[in-house]
Amino acid sequence: MDELFVRVHVDESEKEHIAHPNLTAFQEGWLRLKKNKAAVASLFTLIAIGLLALLAPVFSAYSYKETNYDIIYQVPSITHLFGTDQFGRDLWVRTWMGTRISLLIAFVAAFLDLTVGVVYGAVSALIGGKVDAVMQRFIEILVGIPHLIIVILLMMIMPAGIWTIVVALSITGWVNMARLVRAEILKLKNQEFVLAARVLGTSTSMIIWKHLIPNTVGVIVINAMFTIPSAIFTEAFLSFIGIGMQEPKASLGVLINNGYQVLRNFPHVLIFPAIVIVLIMVCFSILGDGLRDALDPRMRK
Amino acid sequence: MMSAEKKPLLEVKHLKKYFPVGKNQTLKAVRDISLNLYKGETLGLVGESGCGKSTFGRTVIQLYEPTEGTIIYEGREINNSLSKAERHEFTRKMQMIFQDPYASLNPRMKVMDIIAEGMDAHGVYKGQERKKKVIELLETVGLSEEHANRFPHEFSGGQRQRVGIARALAVDPEFIICDEPISALDVSIQAQVINLLKELQKKRDLTYLFIAHDLSMVKHISDRIGVMYLGSMVELTDSETLFDDPVHPYTQALLSAIPIPDPDVEKSRNRIMLEGSLPDPIRLSEGCLFAGRCPYAEDLCRKNTPEMKEVRPGHFAACHKAK
Amino acid sequence: MSRLLEVNQLRVQIETQHGTVQAVRGISFHLDEQETLAIVGESGSGKSISVKSIMGLLPKNGKIVEGSILLEGKDLAKYSERQMQSVRGSDISMIFQDPMTSLNPTMIIGKQIVEVLKEHRRDMTKAQMKERALELISLVGISNPEARFDQYPHQLSGGMRQRVVIAVALACDPRILIADEPTTALDVTIQAQILDLMRDLQKKIKTSIIIITHNLGVVANIADRVAVMYGGQLVETADVRDLFYETAHPYTKGLLASIPKASDKGSDLTAIPGTPPDLMEPPKGCPFAARCTKTMEVCRQYPPKDMLCRGTHRARCWLLDERAKALRE
């Protein structure tokens with residue numbers, strides 16, 4: 001063992017060596033997300049629902065509006081997987097058509113969030129001063145009017161249908177995102193790395209592009225995940241109370257309304273669309289939660 | 001070291017920076033500070049939290065608009081006479097190193113791009129040359145090529161701080177404001193950073209404004225030291241004199257409060273204990289700002305604000321009783 | 001003096017998404033009655049985690065995997081959360097770095113002290129509690145306790161707040177006061193006041209103190225004994241004078257050398273090069289081997305044993321081995 005007691009030279013680079021694997025923040029976020037089993041399951045459920053909504057109506061022998069009075073209110077069977085409704089329409093196809101509507105609403109809501117909400121919030125925070133004050137007061141006015149009143153008033157001037165719902169969503173759907181992005185950018189604006197960029201002479205557009213936007217992406221993604229289920233719910237709710245989608249078009253809200261009327265005798269009419277909408281909403285929420293835990297920089301140590 | 005005949009690199013004259021707080025109140029973060037900095041020297045700026053030393057640094061480098069006063073660099077006024085392009089060009093001369101090694105690097109950027117930010121902003125070095133220059137800078141601060149493609153969160157505090165230094169060096173500045181660059185670092189790492197800063201100063205003929213609250217480190221690195229209290233400069237002299245023969249009672253108290261890492265000395269020391277704590281900086285009374293805590297205060301101190309005066313050649317203090 | 005607290009072979013692991021961090025890797029130390037032990041080390045050395053395990057305040061992904069924490073013979077490592085609650089605040093108290101976050105901003109300070117008494121002193125009446133609170137407020141050097149009793153934390157300065165935090169911690173006459181960087185967030189002039197207060201209080205109420213700090217000046221000021229941590233291990237424990245004047249471990253020597261002295265002026269500081277080890281994959285030999293100026297082959301291969309230097313002075317370093325005698329200089 002004595003030969004171990006000799007002076008050795010330690011390589012300089014060893015002193016500064018970083019053992020940690022080289023990962024970007026998003027790779028690391030993905031690793032975290034993968035550990036969250038519920039979030040991964042939700043992600044796959046959503047993908048499956050998306051695929052079914054896209055493909056099921058295409059590969060089915062029936063169309064969503066094809067009526068057949070010989071087979072009304074049939075229970076689920078091999079020919080009609082989810083059974084049929086009061087006009088003998090195939091509920092399997094109608095459910096997935098309805099899901100399409102819900103997902104379309106989801107994407108519209110997310111798109112509005114990402115465009116109007118992000119830009120509004122960012123502009124408000126970056127310009128600041130009086131412009132910021134006016135923009136914030138405007139948001140407060142929007143928030144002050146109950147959502148339902150706006151929608152009902154809209155229905156008086158526009159025909160019921162998906163585009164009316166989209167317009168209704170676009171009036172207030174982006175407000176939360178605008179507020180969050182504004183708060184985040186206000187916080188980032190005074191961070192030392194942004195000050196350093198200013199000291200180095202980096203132009204304002206580069207500061208926005210390289211420093212502010214990449215550091216708000218996490219907040220934006222997460223908030224979009226939470227906006228989606230509430231938008232889907234709004235659509236379903238409006239359709240359920242009869243001011244959304246109109247027959248024969250199907251949306252999950254319309255289907256649930258139909259099923260609700262015959263709940264005692266034919267529960268299957270209600271159950272399947274209800275399961276799908278619950279799955280979509282729960283999965284988006286769980287996924288949003290998982291993403292927040294995975295991407296939140298404060299959690300990363 | 002510093003000589004009277006030399007022209008100052010930076011002259012700050014009657015600099016004031018006020019912030020509005022709440023209704024009709026102002027926080028006078030920097031109240032009338034004047035000083036000169038000479039080429040190649042290090043001026044330390046010390047004081048307790050909230051004394052305005054960081055605000056002073058940030059105002060000098062134009063992150064804040066001064067409320068009043070002028071900043072003159074190489075004989076040219078820089079705080080309101082520069083055009084946009086001149087101002088952009090000027091950022092290459094004056095740079096800054098920040099306090100918090102965790103907040104001062106963008107977590108979403110690779111070290112390579114962080115260091116190259118200044119080169120990108122000024123359009124110098126591109127492609128292969130840019131990469132070569134970054135690696136050169138990494139080596140200057142004791143890191144290596146393997147670190148260039150990593151993200152800041154993988155680095156330790158000391159390594160991050162060195163990345164911050166490399167970023168500032170990338171534009172070949174002449175003058176660097178070090179805003180508490182070692183306060184957030186561990187003791188063993190502080191010395192690394194201080195050594196690096198001194199070595200760079202020698203090699204590149206840099207001038208530093210070194211802001212800190214750790215007096216022993218400031219003493220080590222500075223040629224002259226200014227002591228700030230509640231937005232005003234209370235004493236300014238070369239670092240030996242400041243430690244051996246401080247004239248302002250606040251400086252005396254501050255020096256006696258530093259714990260000395262030597263148990264025999266430390267346990268037999270007599271401290272000047274200051275009564276109370278900092279007054280509310282928004283509501284300050286007339287007269288010497290230190291009068292409320294000063295053991296020697298008399299009526300004159302409570303009525304009149306003392307001016308900075310030269311008590312000995314090169315030794316300035318703002319105290320009625322200093323001789 | 002008798003043993004109050006004894007920590008034996010304590011090992012603490014923290015689970016992160018990348019793997020397990022060996023935050024504390026088998027440390028043993030003890031605390032006598034009425035003594036002040038300083039634990040020194042840089043961030044990530046495991047000093048905070050060690051005392052948090054004594055307090056039962058480990059984060060929920062942290063776990064004591066081995067070792068015992070004996071408080072007068074009772075093993076706290078085996079206590080349930082419920083049992084720990086009765087220990088915390090009464091037998092052992094803790095004060096934290098930031099006085100603002102350790103006080104409840106919506107509660108007057110008198111009430112914050114009374115709350116602790118309510119928890120642990122069921123025998124006291126309301127009037128007695130108030131009296132005790134006032135007594136504590138003046139004990140920590142705050143004048144006019146009656147007026148201060150009804151003030152909120154934001155009405156006090158940083159130094160005052162830390163005094164209140166100390167008063168809260170001392171409410172039930174704890175045997176041990178653990179102070180985690182109690183002066184780091186404070187200015188030097190206030191730091192001096194708080195250190196003075198802690199020394200004063202120790203004499204008055206005869207408590208033992210464990211103070212965690214990275215400031216060797218603070219150690220010299222207040223400590224009787226010092227434990228130096230590096231890479232999750234205790235590398236040196238000694239009486240304060242031995243540690244400063246008979247330093248044994250190269251890391252401690254490096255720390256002391258990196259503080260600027262008058263004679264250093266104009267020359268370079270003696271820095272410790274490099275970066276502390278990653279405790280996710282701790283080195284198999286000595287944790288300091290990569291940064292040490294006297295590294296031997298053995299240091300990289302085998303972890304050094306705990307060796308006795310003189311009296312109670314212990315260090316973990318292969319240089320203290322007989323076989324390394326020739327290489328010590």
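This note goes through the predicted model chain by chain, then turns to one contact between chains.

1. Conventions. Residues are numbered from 1 along each chain as its sequence is written, and chains are lettered from A and ligands numbered from 1 in the order in which they are written. Because the model is predicted, local features need pLDDT of at least 70 and side-chain atom pairs count only at pLDDT 80 or more, while totals for chains, interfaces and linings use all residues. Helices (H or I, at least four residues) and strands (E, at least two) are DSSP runs, numbered from the N terminus.

2. Chain B overall. Chain B holds eleven helices and twelve strands. Its radius of gyration, taken over C-alpha atoms, is 21 Å. A compact globule of 323 residues would have a value near 20 Å, so the two agree; the rule behind that figure is 2.2 Å times the number of residues to the power 0.38. The C-alpha trace of chain B spans about 70 × 55 × 45 Å along its principal axes. Of its 323 residues, 50% count as buried. A residue is buried if 20 or more other C-beta atoms lie within 10 Å of its own, exposed if 12 or fewer, and partly exposed in between, with C-beta atoms placed from the backbone. Among contacts in chain B between residues at least 6 apart in sequence, 64% join residues at least 24 apart; two residues are in contact if their C-beta atoms, placed from the backbone, lie within 7 Å.

3. Helix α1 of chain B. This helix covers residues 53-60, and eight of the eight are buried, so α1(B) is largely enclosed by the rest of the structure. The buried residues include K53(B) and R58(B), along with F56(B) and V60(B). After α1(B) comes Q62(B), which has a positive phi, near 70 degrees.

4. A helix pair in chain B. Helix α3 (residues 111-122) and helix α4 (residues 127-140) of chain B pack at an angle of about 110 degrees, with their axes 10 Å apart. Axes here are lines fitted to C-alpha atoms, for helices over the stretch in contact, and angles run from 0 to 180 degrees between N-to-C directions. α3(B) and α4(B) are therefore roughly perpendicular to each other; the classes are under 35 degrees for roughly parallel, over 145 for roughly antiparallel, 65 to 115 for roughly perpendicular, and oblique for the rest. α3(B) passes α4(B) in a right-handed crossing. A crossing is left-handed if the near helix is turned anticlockwise from the far one by less than a right angle, and right-handed if clockwise. On the α3(B) side the contact uses M112(B), I115(B), A116(B) and M119(B), and on the α4(B) side R130(B), K133(B), V134(B) and L137(B).

5. A helix pair in chain A. α4(A) packs against helix α7 (residues 162-172) of chain A at an angle of about 30 degrees, with the axes 10 Å apart. α4(A) and α7(A) are therefore roughly parallel to each other, and α4(A) passes α7(A) in a right-handed crossing. I101(A), I105(A), V108(A), A109(A) and L112(A) of α4(A) meet I162(A), I165(A), V166(A), L169(A) and S170(A) of α7(A).

6. G83 of chain A. G83(A) sits in the loop between α3 (37-55) and α4 (91-127) of chain A. It counts as buried because it has 22 C-beta neighbours inside 10 Å. Leaving aside neighbours within four places in sequence, the contacts of G83(A) are Q74(A), V75(A), P76(A), L91(A), H268(A) and V269(A). The C-alpha atoms of G83(A) and I101(A), 18 residues apart along the chain, are separated by 20 Å.

7. Chain C overall. Chain C has eleven helices and twelve strands. Its radius of gyration is 21 Å, close to the 20 Å that the globule rule gives for 329 residues, so chain C is as compact as a globular protein of that length. The C-alpha trace of chain C spans about 70 × 50 × 40 Å along its principal axes, and 50% of the 329 residues count as buried.

8. The sheet in chain C. An open sheet of eight strands runs in the order β6-β7-β8-β3-β9-β10-β12-β11, with mixed pairing. Two strands pair if DSSP finds at least two bridges between them. The edge strands of chain C, β6 (92-95) and β11 (306-310), each pair on one side only. The twist averages 20 degrees from one strand to the next. Strands β7 (residues 176-180) and β8 (residues 208-213) of chain C pair in the parallel sense over five bridges, and D180(C) stands opposite I212(C) in β8(C).

9. Contact between chains B and C. This contact takes 34 residues from chain B and 38 residues from chain C. On the side of chain B that touches chain C, α5 (157-169), α6 (187-204), α7 (215-221), α9 (249-257) and α10 (263-267) of chain B each supply at least two residues. The largest share of that side, eight residues, comes from α6(B).
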